[in-house]
Amino acid sequence: MIDFISNTNATGAIIASISSSPSLLAKAGVLKNRKYTVGLPLEGIRKLDFFDLNHFSEDLVVQDGNIITARGRGFTQFGITVGKALQLSFDESWYRE
């Protein structure tokens, strides 16, 4: 999985991750020098040695280049952000939290 993430990132493809799964992106090194968020408590993030807290954001959804990360409770905005990144045509007002 880590190799797959690294290889996919090298192509510039959109990579979207929500809840605690951005930890896989961090472990793969694709969050290095990128702003991100993750649905883990701060003490949990600190325990994992592959997160760079200098780029951590408390925002519900963060897009930095081709990488989109979100906390679980930001699932609606996450979906909208992913849809826009993929240049899909959809009515944003249809989605309500």
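The model is predicted, so local features need a pLDDT of at least 70 and side-chain atom pairs count only at pLDDT 80 or more, while totals for chains, interfaces and linings use all residues. Residues are numbered from 1 along each chain as its sequence is written, and side-chain values use heavy atoms, with hydrogens and water left out.

The protein holds four helices and three strands, arranged along the sequence as α-β-α-α-β-β-α (DSSP runs numbered from the N terminus: helices are H or I of at least four residues, strands E of at least two). Its radius of gyration is 13 Å, close to the 13 Å of the globule rule for 97 residues, so the protein is as compact as a globular protein of that length (taken over C-alpha atoms; the rule is 2.2 Å times the number of residues to the power 0.38). The C-alpha trace spans about 40 × 30 × 20 Å along its principal axes.

Of the 97 residues, 36% count as buried (under 20% relative accessible area; exposed is over 50% and partly exposed in between, with a 1.4 Å probe and protein chains only). Among contacts (heavy atoms within 4.5 Å) with a separation of 6 or more, 41% join residues 24 or more positions apart.

Ser19, in the loop between strand 1 (15–18) and helix 2 (22–28), has a positive phi near 70° without being a glycine, and is partly exposed at 32% relative accessibility. Gln87, in the segment after helix 4 (75–85), is likewise not a glycine and has a positive phi of about 60°; at 73% relative accessibility Gln87 counts as exposed.
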